[in-house]
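Please keep the sequence and the structure at hand while reading.

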Amino acid sequence: MIDFAEARRMMVDGQVRTADVIDYRLLGALLEVPRERFVPPAKQAIAYLDIDIAVSEASSTGPARCLLKCMVLARMIQAAGIRETDHVLDVGCATGYSSAVLARLADSVVAIEEDSGLAASAARTLGSLGVNNVMLKPAALTGGLRSEGPYDVILLNGSTEIVPEALIRQLKDGGRLVCIQGSGPSGKATLYQMTGGNVTGHAIFDAAAPLLPGFVKPREFVF
């Protein structure tokens, strides 16, 4: 029998703290949220390994969807500087793990997912854990959810080959969007900030993650 509480502690101490994640609220959330509940039963034994964990199969419409490595997710969330009063948009929440973590840091979370099976799984698990400050909505990931915005923070659970301009426009003044820009090993976790109607962005650390549906750069014709 796996001691998942001990596995969470080892994940936090061995993967997250060693990556310079020092936000005590975030560390506490990672210790509290049972990641094993958000992966398929057959993968619960690897829930806390330092890998992206597939929670759906690849299909003709896109790649397999994954939960990001705990270390990468933690560093992205820390970079966003989430406050207790913040309103957060979680883009591509998949089975809801990131939403459950964000819910412990922010006042409210809007989680969007376009895969109906993943969205249903997220709703069941979040409900069973009593997470009551997450609003889960089916929506195309690239469009965000303007009707519930604007947002203090937007998190993309995966990589993007394009600048997510439609999402950036849903930030409040002073709002932050964090994503992984670029695909493959050359990806960079990137923080965008809205200030007085102007957007600035800068890379914060090297990172790789699966591409999110719709965030692929259009292929150019070569003559």
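## Cysteines

The sulfur of Cys70 lies 13 Å from the closest cysteine sulfur, which belongs to Cys66, and this is too far for a bond. A disulfide is taken here as a pair of cysteine sulfur atoms within 2.5 Å, and the structure holds 0 disulfides. Cys179 is likewise in no disulfide, the nearest cysteine sulfur being that of Cys66, 17 Å away.

Cys70 has 1% relative accessibility and therefore counts as buried, and Cys179, at 0% relative accessibility, counts as buried too. Buried means under 20% relative accessible area, exposed means over 50%, and partly exposed covers what lies in between, with a 1.4 Å probe and protein chains only.

## Basis of the model

This is a predicted model, in which local features need pLDDT of at least 70 and side-chain atom pairs count only at pLDDT 80 or more, while totals for chains, interfaces and linings use all residues. Residues are numbered from 1 along each chain as its sequence is written, and side-chain values use heavy atoms, with hydrogens and water left out.

## Helix 3

Cys70 belongs to helix 3, which spans residues 70-80 and is mostly covered, with 8 of its 11 residues buried. Helices are DSSP runs of H or I with at least four residues, numbered from the N terminus. The buried residues of helix 3 are Cys70, Met71, Val72, Leu73, Ala74, Met76, Ile77 and Ala80. After helix 3 comes Gly81, whose phi is positive, near 60 degrees.

## Helices 1 and 2

The axes of helix 1 (residues 4-16) and helix 2 (residues 24-32) come within 8 Å and cross at roughly 140 degrees. Axes are lines fitted to C-alpha atoms, for helices over the stretch in contact, and angles run from 0 to 180 degrees between N-to-C directions. The two helices are therefore oblique to each other, given that angles under 35 degrees count as roughly parallel, over 145 as roughly antiparallel, 65 to 115 as roughly perpendicular and the rest as oblique.

Where they make contact (heavy atoms within 4.5 Å), Arg8, Arg9, Met11, Val12 and Val16 of helix 1 meet Leu27, Leu30, Leu31 and Glu32 of helix 2.

## The loop at Asp23

Asp23 sits in the loop between helix 1 and helix 2, and with a relative accessible area of 24% Asp23 is partly exposed. Although Asp23 and Arg75 are 52 residues apart in sequence, their C-alpha atoms are 9.7 Å apart in space.
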